[in-house]
Amino acid sequence: MNRRTAFLTTLAVTTVLSLAACGSEEPDAPAKGSGKETMPTAPASSAPASDGRPAVELPSDLSYTFDWPKTGDKEKDAVLADSEQSIKAVDQAIVNQNAFDKAYLYYYEGEAAATTEKFVQNYVDHKAGITGSYRFYAPEVNVDKDGTASFSYCEDQGKAYVKYLETDKIEETEVTAKSYVSYHTSLRRDEGKGVWVIQEIVSQSGSEKCRP
């Protein structure tokens with residue numbers, strides 16, 4: 001489906017749930033210190049609506065680090081910025097327990113939107129949320145002249161956990177190879193909205209490329 005891979009395998013057995021089961025190869029399934037400007041960590045995320053974009057508001061028990069430096073290229077940096085918001089927008093849908101939350105639907109379309117809906121609904125069905133911290137790194141972005149782009153990156157889910165909403169119980173899973181996930185997204189520039197929209201996403205948990 002779309003970004004982060006990790007999902008509820010059963011009611012009893014839980015793996016870190018972060019947006020990726022979508023478009024994943026399994027159906028259930030930017031370097032710091034470079035001297036370049038990096039996108040800051042967001043301990044508690046709140047992005048007000050602007051330019052027609054929906055607001056994204058997340059609780060303080062979720063934090064994000066985006067270790068992907070700006071490239072200096074306007075369109076590539078727009079892909080990075082819009083991808084960051086798309087990731088947070090899906091998490092807002094999980095927090096809101098709303099598989100049709102308008103924020104993520106602003107950034108996803110077609111196959112990516114359909115699989116993201118199913119991914120979020122899985123959390124809703126299990127009355128599960130998310131907590132902890134996520135780190136994103138190793139970005140590779142390419143923009144074509146036809147208004148499309150590809151973006152690959154890694155995610156470290158080692159400090160991210162599932163939280164059951166009825167009991168506030170947190171499933172603190174151990175860090176394993178599957179805690180490191182690679183993503184590859186295909187995007188197009190929506191000129192009407194002025195946003196890079198995700199059309200397809202493929203993820204792989206346990207990616208050797210993403211392991212430390």
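**Exercise 1.** Which exposed residues does the face of helix 3 turned away from its buried side carry?

*Solution.* The model is a predicted one.
Step 1. Locate the helix: helix 3 covers residues 110-125, 16 residues in total.
Step 2. Apply the cut-off: a residue counts as exposed at over 50% relative accessible area.
Step 3. On the face turned away from the buried side of helix 3, the exposed residues are G110, K118 and D125.

**Exercise 2.** Find the buried residues of helix 3 and explain why they lie on the same side.

*Solution.* Step 1. The buried residues in helix 3 are A112, A113, T116, F119, V120 and Y123.
Step 1. Because these residues cover an arc of only 125 degrees around the axis, they fall on the same side of helix 3.
Step 2. The general rule is that an α-helix has 3.6 residues a turn, so residues three or four places apart point the same way.
Step 3. As for partners, the buried residues of helix 3 pack against helix 1 (74-96), helix 2 (102-107), strand 4 (128-143) and strand 8 (195-205).

**Exercise 3.** Describe how helix 1 and helix 3 pack.

*Solution.* Step 1. The angle between helix 1 and helix 3 is about 35 degrees, and their axes are 9 Å apart.
Step 1. The crossing of helix 1 past helix 3 is right-handed.
Step 2. Helix 1 contributes V90, A93 and I94 to the contact, while helix 3 contributes T116, F119, V120 and Y123.
Step 3. Sorted by type, the residues of this contact are six nonpolar, one polar and no charged.

Definitions and conventions:
Residues numbered from 1 in each chain as written. Predicted model: local features only at pLDDT ≥ 70, side-chain atom pairs only at ≥ 80, totals over all residues. Heavy atoms only, no water. Helix = DSSP H or I, 4+ residues; strand = E, 2+ residues; numbered from the N terminus. Expected span 1.5 Å × (residues − 1). Buried < 20%, exposed > 50% of the residue type's maximum accessible area, 1.4 Å probe, protein only. Arc of directions from axis to C-beta. Contact = heavy atoms within 4.5 Å. Axes fitted to C-alpha atoms, helices over the stretch in contact; angles between N-to-C directions. Left-handed = near helix turned anticlockwise from the far one by under 90°. Nonpolar A, V, L, I, M, F, W, Y, C, P; charged D, E, K, R; others polar.
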